[in-house]
Amino acid sequence: MVTTKASADTIDLDITGMTCAACAGRVERALAAVPGVTAASVNLALETARISLAGAGVAPDALIAAVVDAGYEATLHEAVTVSSPPRADATGSHEHLFLIVSALITAILMAPMVAELFGRMLHMAPLVQAVLATVVQFGIGGRFYRNAWKALRAGAGNMDLLVALGTSAAYFYSFWLVFAGKAMEGHLYFEASAAIITFVILGKWLEARARRGTAAAVRALMALRPDLARVERDGVEADIAAAEVLVGDLVVVRPGERVAVDGIIEDGSSDLDEAMITGEGLPVEKLPGDRVIGGTVNGPGRLKVRATAVGAATTLARIVRLVEGAQASKAPVQRLVDKVSAVFVPVIVALAVLTFGGWLLVGAGLEGALVAAVSVLVIACPCALGLATPAALVAGTGAAARAGILIRDIEALERAHRVDLVVFDKTGTLTQGRPIVTDIIPAPGIEEQDLLALAASAQRGSEHPLGRAICAEAEVRRLSTSDPQAFRAVPGQGVLATVAGRQVILGNARLMEGQGIAMQPLEGAAARLMAAGRSLMWVADAEAHQALGLIGLADAEKPEALAAIRALAEMGIATLLLTGDAAPVAETVARDLGIPRVRANVGPEQKAAVIAELRAEGRVVAMVGDGINDAPALAAADVGIAMATGTDVALETAGIAVMRGDPRLVADALLVARATWNKIRGNLFWAFAYNIVGVPLAAAGLLSPGLAGAAMAFSSVSVVTNALLLRRWRPRHYPDQPAGARRPSA
């Protein structure tokens, strides 16, 4: 399998052997110390590292060697080929077996204690206890000693050091009592040391299972592309490996199959299920000339698709890399946790020593002092702190990806929960990006249907957007039209055509004036339409020099736009329309959608300045655009949200990209950001609370070592499980929208 670099100046590694936040911090410091490395970010939840390089002179082997010297193992992260399954967990079955053996021995050692609670007396020979405990302590628990030694050799501490110190104190104290012949003089703590190791292994096993769940979105995406593709070459169809398809190949997609590549439909029509890529719940009709995305599911039709992107260049592969990159990056809030974790283990060891000495000073004796110190060492595990943020980020970005919301910048997600103003571009964002007929005003004595049919015939075959809109409206009304016998375009003004022997002029007022057309009877209607932001097409009879009527056109608002603005208002978020269109057009759209503020006649180069001005007012601004003309404004905003109207650019431009042109996803993106941020805060609260409450209780002698081990394991599992609740997040429910585009009001 091919290995990958995240980009030209980054390298991704898979790290094994990390057990807590202190481990992640040590790996980061080791990588950052390699010459040529500008930054390193380690994700404990995914066990990955992303290294930013100053140039191409840093060999991956040097980075791997730095990780190994720090006491861990590293390999180059496998490339996202989409056709390949995700990395398997080779140690999972071994961990399960170790856990079962450890749990059985611990249950045997604890049996006398449990029986005593029920008034029964069971006796187990001290030597038998010592033998059983030794199997757990050094056989199953040997990993803690190995990892602790690696940490000490690197001049640092970690969770394994705390567990090794705590269990060793309990085990060797009991061992001394047995072989010194004093087993009857003091309580044996073999069951406590075994229980601690069992609970820690149980916690790590549950934690690993939960962490695999947080990455489910990436695995689901990777499973979308089929292994085989049916390709037609030289008129012969054959099944080949999807990875062998070349750009330009003609790929045959049969009903019910997944599309293997990105491409353009050359033959056939069908409905495609794009839910896993765009979050779109309903199948999307596809016709010849339409673009299809690899990984989507074909409906009832048979398609022939000309491949435009294959392998790692497909939209699906780029989405997977995008989600993985977001999950591998580090949120700014994590830096606080890293600082705490760096000093956490030394502080806890010092507290354990003070606890031991304090209990000796107050006359508790060796056993009481040892029990309290062991409890402090065991309960104060920094695992939960290290997992609090990355586990929530992985789950949150995965849930967003399933809804068609791609978060490519974790810092953008962290800022998104504070957004209080959303700035929308108009064309292609809140509107369809193409004109439709909104008004037909015939002159006295002319029928509306006849006027439209005449105009459509004059424009038949035209490539001009306004001409296509007039022809489309005639088709919707099922009007009979004919080809013009003569046709002459006047650039920037309109057309002159002969339709069924009648000379017709179709165009703007300047063309009418140049042809000497009398427009007075319709000038009042024209003024009203222009004030409402319509584009006007005059229709006139060239021989009579009379206007036959007016056709008003406008860029139609998307049917979901009104619900999108209302959803943001319900969230307490203000909206503003920022467009290069004329003020009447912009104000009409804003009025229809309920947007209170409008900035019109603003070019692409000025949009960034407007965003900077709004931020200077103290607003946290999200800019929503198509990712092309709005790129400067997207970059200038606190959060850039790119619509899928230009998918390639959208995936590269903004911190957040939505995979379909539905503006309601803007509110959903901010909602998932809020949900993720709340999970991070909740996780950090509980992670700190466990230690703030647990360490004093342990130091006060109120927790036994076994109970401390259970609490420590529970803290890590609860943090990851809490983060997993984000997988249940779904986009909010919106009232049903009317079918088709909304026509702007007159």
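Tutor: Gladly, and let us begin with a pair of facing residues: the bridge partner of A40 in β3 is I51. Strand β2 (residues 37-43) and β3 are joined by six bridges and run antiparallel. Before we go on, this is a predicted model, in which local features need pLDDT of at least 70, side-chain atom pairs count only at pLDDT 80 or more, and totals for chains, interfaces and linings use all residues. Residues are numbered from 1 along each chain as its sequence is written, and side-chain values use heavy atoms, with hydrogens and water left out.

Student: Why are β2 and β3 said to pair?

Tutor: Two strands pair if DSSP finds at least two bridges between them. Six bridges join β2 to β3, so the label applies. Strands here are DSSP runs of E with at least two residues, helices are runs of H or I with at least four, and both are numbered from the N terminus.

Student: How do you know that β1 and β3 pair?

Tutor: Strand β1 (residues 10-16) and strand β3 (residues 48-53) have five bridges in the antiparallel sense, so they meet the definition. In β3, A49 is the bridge partner of L13.

Student: What makes β6 and β11 edge strands?

Tutor: They belong to an open sheet of six strands in the order β6-β5-β7-β13-β8-β11, with antiparallel pairing. β6 (236-241) and β11 (291-292) each have a single partner strand, so one side of each is left without a neighbour in the sheet. For β11, two bridges join it to strand β8 (residues 262-267), and the two run antiparallel. In β11, R291 is the bridge partner of I264.

Student: Which strands are the edges of the three-strand sheet?

Tutor: That open sheet has the order β10-β9-β12, with antiparallel pairing. Its edge strands are β10 (284-286) and β12 (297-298), since each pairs on one side only. Strand β9 (residues 270-273) pairs with β10 over three bridges in the antiparallel sense, and L272 stands opposite V284 in β10.

Student: Why is T355 called buried?

Tutor: Its relative accessible area is 9%, and buried means under 20% (exposed is over 50%, partly exposed in between, with a 1.4 Å probe and protein chains only). T355 is therefore buried. This residue lies in helix α11 (residues 333-361). Leaving aside neighbours within four places in sequence, T355 is in contact (heavy atoms within 4.5 Å) with A372, A373, V376 and A699.

Student: How do you know whether E191 is buried or exposed?

Tutor: The value for E191 is 8%, so E191 is buried. E191 lies in helix α7 (residues 190-214). Leaving aside neighbours within four places in sequence, E191 is in contact with L109, M110 and M113.

Student: And what is the case for L316?

Tutor: With a relative accessible area of 1%, L316 is buried too. L316 lies in helix α10 (residues 315-328). The C-alpha atoms of L316 and G295 are separated by 6.8 Å, although the two are 21 residues apart along the chain.

Student: What makes α19 roughly parallel to α24?

Tutor: Helix α19 (residues 561-570) and helix α24 (residues 664-699) pack at an angle of about 30°, with axes 7 Å apart. Axes are lines fitted to C-alpha atoms, for helices over the stretch in contact, and angles run from 0 to 180 degrees between N-to-C directions. Angles under 35 degrees count as roughly parallel, over 145 as roughly antiparallel, 65 to 115 as roughly perpendicular and the rest as oblique. So α19 is roughly parallel to α24. The contact is made by A563, A564, A567 and L568 of α19 and R664, A667 and L670 of α24.

Student: Why is α4 called oblique to α5?

Tutor: The axes of helix α4 (residues 126-140) and helix α5 (residues 142-153) come within 4 Å and cross at roughly 40°. That angle makes α4 oblique to α5.

Student: Which elements have the lowest and the highest mean pLDDT?

Tutor: pLDDT is the predictor's confidence in each residue, from 0 to 100. Helix α23 (residues 647-653) has the lowest mean among the elements of the protein chain (53), and strand β15 (residues 421-424) the highest (96). Over residues 1-8 the pLDDT is below 50. Where pLDDT is low, the predicted coordinates should not be read in detail.
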